[in-house]
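Please keep the sequence and the structure in view while reading.

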Amino acid sequence: MFKKILIANRGEIALRVIRTCKEMGIKTVAVYSTADANSLHVRFADEAVCIGPPVSKESYLKIQRIMAAAEITNAEAIHPGYGFLAENAEFSRICQEHNIKFIGPSPEMISAMGDKSTAKAHMIKYGVPVVPGSDGNISDLNEAQKVAEEIGYPVIIKATAGGGGRGMRIVKQAADFKRAFDGARNEAGSAFGNPEVYIEKFIEEPRHVEIQILGDRHGYVTHLGERDCSLQRRHQKILEEAPSPVMDPELREKMGQAAIRAAETVNYEGAGTVEFLLDKNKDFYFMEMNTRIQVEHPVTEEVTNADLIKNQIEIAAGLPLERKPLKIRGHSIECRINAEDPEFNFRPSAGKITVFHLPGGHSVRVDTHAYSGYVVPPNYDSMIAKLIVSAPSRKEAIARMKRALEEFVIEGIKTTIPYHIQLMDSPGFVKGEFTTDYLEKHFKFEPNK
Ligand code: MV4
């Protein structure tokens with residue numbers, strides 16, 4: 001096992017990794033920008049190295065500085081968390097070249113799954129269901145229009161290098177195609193340095209259901225059930241839960257086996273997530289594969305009893321996964337608490353937290369790096385806490401979440417807590433009847449309620 005791990009991240013996920021390392025008897029190295037000098041991940045790590053100024057490009061994204069920090073502290077492995085360098089193939093390769101274990105997949109795997117057309121072609125080859133669409137990327141407008149006609153409108157144009165909805169266009173009718181195609185290619189070109197796009201049938205009002213998988217170096221791949229991540233705003237997840245309210249054991253088995261197949265055929269090593277779109281008829285389609293630990297991993301931990309960070313570290317050290325049948329117990333919900341003002345279109349609300357009182361009690365978990373007196377810097381992601389609850393049933397989990405949200409006191413900045421409190425009473429959410437457009441089309445936050 002590793003004696004020392006460097007965490008190439010900040011905030012709650014850096015703290016999350018440090019906690020598991022401590023429990024495993026592994027020493028930790030934090031890296032931090034000058035904006036994070038007073039952050040808890042710096043305080044709780046055994047050692048800390050300042051790697052630059054607040055702007056991410058000069059600190060958390062600066063590969064040479066992170067490698068230098070690993071070398072001077074003799075770290076044997078690097079955990080990248082999520083975001084920043086977690087899905088950067090070059091970083092994974094540089095770690096390899098320096099004999100530092102990257103706790104995540106190989107550079108080849110990151111590249112293969114990061115390119116959406118390549119990933120989709122792989123899934124087709126191994127019988128994982130995908131949305132009908134073009135055979136790979138299309139750069140010629142006339143050819144693209146022909147394919148769109150064949151598929152039938154509405155269609156969706158997606159950037160192969162895409163993510164977060166950038167370089168993506170929904171096209172309802174042929175008359176709008178040229179504009180959308182040019183727009184998608186331009187946006188993809190400037191956002192990712194790659195203008196290539198592909199075309200798919202647009203699935204209307206789907207759910208976003210993803211399967212957590214783990215693969216070890218010995219060729220064994222298993223899944224830990226699903227998370228329902230349909231509740232999003234502008235491609236930002238707001239609330240996630242496990243299990244999905246629409247899942248049954250048969251569908252879970254089918255989707256789980258599809259995810260395992262997707263990963264097995266590439267000898268996937270580490271923790272990963274296979275995202276699916278689930279339509280009204282409960283047909284599911286591969287969307288993309290994430291080769292990192294995800295923000296919403298705790299809801300899976302709560303219903304399966306796993307420690308996914310421990311799994312990642314053991315897999316990276318070459319240990320075999322324990323082979324045991326999947327057991328899902330109860331229900332878990334995560335609310336993302338962001339430093340944003342829901343009264344003003346979720347505008348960022350950085351600054352000093354004057355009062356920070358955590359909820360507690362039965363089956364309440366809070367993953368956060370914030371505390372009373374903490375200053376939320378304006379430079380990074382606005383998420384300051386994840387409130388995770390579990391209970392025997394979904395109904396009890398919602399009641400517990402509402403109670404915990406009401407206990408949570410954060411003063412000095414605006415947060416999304418009031419938004420979540422109202423969501424707990426929203427009829428569609430309570431019934432478990434919601435799709436990816438629920439928050440933007442069917443739920444309205446009322447500021448003065
Ligand atoms: C789709 C889709 C409908 N049909 N693909 C959004 C981000 C990117 N990962 C893929 N996305 C979508 N792909 C087809 N063929 C709808 C979306 C989509 C979406 C997916 C999951 C969660 C929220 C979403 C919000 C808007 C669009």
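Pro243 is found in the loop between strand 11 (236–242) and helix 9, and in this predicted model the peptide bond that joins Ala242 to Pro243 is cis, with omega at about -5 degrees. Most residues other than glycine have a negative phi, and most peptide bonds are trans.

- Pro154 belongs to the loop that links helix 7 (141–151) and strand 6 (155–159).
- Glu205 is not a glycine, yet its phi is positive, at about 45 degrees.
- The loop between strand 8 (197–201) and strand 9 (207–215) holds Glu205, and this residue counts as partly exposed because its relative accessible area is 36%.
- Asn267 likewise has a positive phi, near 50 degrees, in a residue other than glycine.
- Asn267 sits in the loop between helix 9 and strand 12; with a relative accessible area of 60%, Asn267 is exposed.

**Domains**

- The domain assignment divides the protein chain into domain 1 (4–103), domain 2 (132–201) and domain 3 (207–441).
- The centres of domain 1 and domain 2, taken over C-alpha atoms, are separated by 37 Å.

**Enclosed cavities**

- Rolling a probe the size of a water molecule over the atoms shows where empty space is left.
- How many cavities of 30 Å³ or more are there? The count comes to 2.
- The largest cavity holds about 50 Å³ of space.
- Its lining is formed by Lys101, Phe102, Ile103, Gly104, Glu269, Gly270, Ala271, Gln312, Ile315 and Ala316.
- Strand 5 (101–102), strand 12 (270–278) and helix 11 each supply at least two residues of the lining of the largest cavity, and helix 11 gives the largest share, 3 residues.
- By class, 5 nonpolar, 3 polar and 2 charged residues line the largest cavity.
- Domain 1 (4–103) and domain 3 (207–441) each contribute at least three residues to the lining of the largest cavity.
- The second largest cavity has a volume of about 30 Å³.
- Among the residues that line the second largest cavity are Pro80, Gly81, Ala86, Thr291, Arg292 and Ile293.
- The lining of the second largest cavity consists of 6 nonpolar, 4 polar and 1 charged residues.
- Where does the second largest cavity lie in relation to domain 1 (4–103) and domain 3 (207–441)? Both domains give residues to its lining, so the second largest cavity lies between them.

- Two or more lining residues of the second largest pocket come from each of strand 10 (221–233), helix 9 (249–264), helix 10 (297–304) and helix 11 (308–316).
- The lining of the second largest pocket comprises 12 nonpolar, 6 polar and 10 charged residues.

**Buried residues**

- Is Ser59 buried or exposed? Ser59 counts as buried because its relative accessibility is 0%.
- Ser59 lies in the loop between strand 3 (47–52) and helix 3 (63–73).
- The side chain of Ser59 comes to 3.1 Å from the backbone oxygen of Pro53.
- Not counting residues up to four places away in sequence, Ser59 touches Ser33, Ile51, Gly52, Pro53, Pro54, Ile66 and Tyr380.
- Leu277 is placed in strand 12 and, at 11% relative accessibility, counts as buried.
- Beyond its neighbours within four places in sequence, Leu277 is in contact with residues including Val131, Ile203, Pro206, Arg207 and Phe284.
- Leu277 and Glu210 are 67 residues apart along the chain, and their C-alpha atoms are separated by 8.3 Å.

**An exposed glycine**

- Gly361 occupies the loop between strand 18 (355–357) and strand 19 (364–368).
- Gly361 is classed as exposed because its relative accessible area is 58%, and a residue needs over 50% for that class.

Note on methods. Residues are numbered from 1 along each chain as its sequence is written. This is a predicted model: local features need pLDDT of at least 70, side-chain atom pairs count only at pLDDT 80 or more; totals for chains, interfaces and linings use all residues. Side-chain values use heavy atoms; hydrogens and water are left out. Helices (H or I, at least four residues) and strands (E, at least two) are DSSP runs, numbered from the N terminus. Ala, Val, Leu, Ile, Met, Phe, Trp, Tyr, Cys and Pro count as nonpolar, Asp, Glu, Lys and Arg as charged, and the others, Gly among them, as polar. Buried means under 20% relative accessible area, exposed over 50%, partly exposed in between (1.4 Å probe, protein chains only). A polar contact is a pair of N or O atoms within 3.5 Å; within protein, one must be able to donate a hydrogen and the other to accept it, and residues adjacent in sequence count only if both atoms are side-chain atoms. Contact means heavy atoms within 4.5 Å. Domain bounds come from an automatic or database domain assignment. On a 1 Å grid over the protein atoms alone, a cavity is a set of points where a 1.4 Å probe fits but cannot get out, and a pocket is an open set with protein on both sides within 12 Å along at least five of seven lines; lining residues have an atom within 4 Å of a point. Grid points are joined across faces, edges and corners, and a volume is the space filled by probe spheres set on the points.
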